[in-house]
Amino acid sequence: MCGIFGVCNNNESAKLTYLGLYALQHRGQESAGIISSDGKKFSNKVGNGLVSDVFLKKDFSRLKGFNAVGHVRYSTFGSSSITNAQPFAINFVDGNLAIAHNGNLCNAELLKNKLERDGSIFQTSTDTEVILHLVAKSKKKTIEEKIIDALLHVKGAYSLLFLSGKKLIAVRDPYGFRPLCIGKLKNSYIVSSESCAFDLVGAKYVRDVEPGEIVSISDDELKSRRFSKNGKNAFCIFEFIYFARPDSLVFGKSVYTIRKNLGKELAKESQPNADNVISVPDSANVAAVGFSTESKIPYEIGFIRNHYIGRTFIEPKQEIRNFGAKIKYNPVCETLKEKKIVLVDDSVVRGTTSRKLIKMLRNAGVKKIHHRISSPPIKHPCFYGIDTPKMSELIASRKSVKEIKEFFGVDTLHYLSLDGLIKATGMEKDNFCLACFTGEYPIKKADNCR
Ligand code: AMP
Ligand code: SF4
């Protein structure tokens with residue numbers, strides 16, 4: 001996942017980036033960092049944990065300059081140690097260069113081995129550092145040309161932000177796997193993974209960075225260049241299903257509208273006789289509203305989610321059954337007792353969440369449970385920046401829908417069809433990566449390494 005945010009031409013660039021990262025916190029909670037620049041010198045602060053834990057008020061007197069980039073990390077490649085926290089910076093013949101990356105490079109291992117054989121010394125175990133080494137080695141003249149030269153070697157998913165001299169440079173891979181959009185705040189440009197971060201800082205959404213586009217911003221001037229024409233988009237459809245915030249525009253579309261449509265399509269496909277629709281909060285709330293609107297079955301709050309869970313728990317010695325799920329969700333017995341319930345979730349990965357929540361619903365006295373999932377069964381791993389487990393751990397790659405229904409202990413189970421999923425987006429199927437559902441990877445399978 002990961003979230004990236006950058007500001008160009010603003011005296012409060014680091015503070016705005018801090019706010020932007022706050023809005024993007026849902027995209028990664030492992031580490032957070034900011035690098036700011038006054039055109040010559042970089043200042044940085046990175047740390048493990050949430051944005052609110054990493055940055056202190058006093059950091060902002062140090063994080064000087066009119067440009068800044070920030071990152072919240074959710075690791076897919078490389079360990080979660082602090083040395084892997086982004087943004088990274090290097091100093092090379094052209095001066096300072098900082099990078100923040102959302103995505104996953106498929107051929108990073110291969111490139112890294114080659115670079116190391118040629119004498120490169122890596123500081124981190126991330127795929128992102130490979131790009132910096134390739135840029136530093138490029139013989140091209142301008143920084144934009146060097147970045148393009150580097151990216152021609154790289155395969156996979158990348159939405160990137162760079163700081164160099166007075167410039168903020170934004171790039172999206174030729175498939176456009178991960179989102180990246182441009183906003184404007186008076187004379188400043190802002191670039192963000194999602195538009196919800198613009199709302200917080202008072203910026204206006206302008207447009208997306210296009211797949212295969214490099215945008216170079218200096219002062220209040222924006223220059224754009226297409227470095228690759230792939231001809232086929234592969235937008236990650238999971239951004240609409242689960243990752244992105246519903247108040248964002250992603251790939252130029254409202255996540256809220258599409259997520260609600262997912263629920264509506266789901267209700268059209270399989271509508272049980274039930275008293276209430278409930279959701280697995282918060283990620284399935286909007287789909288459940290859509291299901292309720294279409295089915296006319298009233299929506300109720302069935303679970304309360306605790307939002308204040310830290311990284312570790314101090315558990316009592318005496319065993320508490322399903323402790324992990326219980327600390328996060330608690331059923332509202334009032335709405336559930338003796339009821340026939342439609343339980344909507346956005347996706348099933350290993351099946352752990354569903355199984356535990358269904359047990360809680362039974363304990364709360366629910367009479368019938370109709371489980372509805374607003375995406376098709378996930379049968380294949382992701383190689384493009386999402387931390388899905390290997391195939392053997394994906395419940396839908398091992399069990400049929402009927403077997404999963406039995407494993408969950410529900411009365412009925414229905415997953416949204418692939419056609420229903422596409423229909424809900426209002427976009428052409430060709431625009432999307434659907435690999436975790438279909439196994440048809442946009443990038444040649446041999447190149448899909450982690
Ligand atoms: P699981 O318990 O493994 O089946 O995971 C399913 C739950 O995790 C659902 O409630 C989803 O909202 C959520 N989810 C789906 N994909 C991911 C992901 N890549 N990372 C974290 N949570 C996810
Ligand atoms: Fe998104 Fe699935 Fe494609 Fe990964 S495999 S990019 S999660 S649609």
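This is a predicted model: local features need pLDDT of at least 70, side-chain atom pairs count only at pLDDT 80 or more; totals for chains, interfaces and linings use all residues.

Me: How many cavities of 30 Å³ or more does the structure hold?
Reply: A probe the size of a water molecule, rolled over the atoms, shows where empty space is left. Here the largest cavity has a volume of about 140 Å³. The number of cavities of 30 Å³ or more is 2.

Me: Which helices give two or more residues to the lining of the largest cavity?
Reply: The lining of the largest cavity has 16 residues. Closest to the centre are Cys236, Phe238, Cys382, Ile386 and Cys436. By type, the lining splits into 14 nonpolar, 1 polar and 1 charged. The elements giving two or more residues are helix H8 (238-243) and helix H17 (435-438).

Me: Which element gives the most to the lining of the largest pocket?
Reply: The largest pocket holds about 2,100 Å³ of space. Its lining has 47 residues, and Gln29, Tyr242, Arg305, Lys328 and Tyr329 lie nearest the centre. Two or more residues each come from helix H1 (13-23), H8, helix H11 (323-328) and helix H13 (352-363). With 4 residues, the element that gives the most is H13.

Me: Is the ring pair of phenylalanine 55 and phenylalanine 60 stacked, edge-to-face or tilted, and why?
Reply: A pair of aromatic rings is described by the distance of the centres and the angle of the planes. Phenylalanine 55 and phenylalanine 60 are both buried. Their ring centres are 6.0 Å apart and their planes meet at 40°, so the pair is tilted.

Me: Which residues form one aromatic cluster?
Reply: A search of the whole structure gives 16 aromatic pairs. One cluster is made of Tyr175, Phe177, Phe383, Tyr384 and Tyr441.

Me: How far from the ring centre of phenylalanine 407 is the charged end of arginine 355?
Reply: Two charges over rings can be set side by side. The charged end of lysine 112 sits over the ring of phenylalanine 122, 5.0 Å from its centre. The charged end of arginine 355 sits over the ring of phenylalanine 407, and the distance to the centre is 4.1 Å.

Me: Is alanine 287 buried or exposed, and why?
Reply: Alanine 287 belongs to helix H10 (residues 285-295). Leaving aside neighbours within four places in sequence, alanine 287 is in contact with Arg259, Gly263, Val344 and Ser374. Its relative accessibility is 1%, so alanine 287 counts as buried.

Me: What do the buried residues of H16 pack against?
Reply: In helix H16 (residues 418-425), the buried residues are Gly420, Leu421, Ile422, Ala424 and Thr425. After H16 comes glycine 426, with a positive phi near 70°. The packing partners of the buried residues of H16 are H8, strand S16 (253-254), helix H9 (255-269), strand S23 (432-433) and H17.

Me: What is the relative accessibility of cysteine 181?
Reply: Cysteine 181 lies in strand S9 (residues 181-185). Not counting residues up to four places away in sequence, cysteine 181 touches residues including Ile190, Phe198, Tyr205 and Arg207. Cysteine 181 counts as buried because its relative accessibility is 1%.

Key
Residues are numbered from 1 along each chain as its sequence is written. Chains are lettered from A and ligands numbered from 1 in the order in which they are written. Side-chain values use heavy atoms; hydrogens and water are left out. On a 1 Å grid over the protein atoms alone, a cavity is a set of points where a 1.4 Å probe fits but cannot get out, and a pocket is an open set with protein on both sides within 12 Å along at least five of seven lines; lining residues have an atom within 4 Å of a point. Grid points are joined across faces, edges and corners, and a volume is the space filled by probe spheres set on the points. Ala, Val, Leu, Ile, Met, Phe, Trp, Tyr, Cys and Pro count as nonpolar, Asp, Glu, Lys and Arg as charged, and the others, Gly among them, as polar. Rings of Phe, Tyr and Trp (its six-membered ring) pair if their centres lie within 6.5 Å; planes under 30 degrees apart count as stacked, over 60 as edge-to-face and the rest as tilted. Buried means under 20% relative accessible area, exposed over 50%, partly exposed in between (1.4 Å probe, protein chains only). A charge sits over a ring if NZ of Lys or CZ of Arg is within 6 Å of the ring centre and within 35 degrees of the ring normal. Contact means heavy atoms within 4.5 Å.
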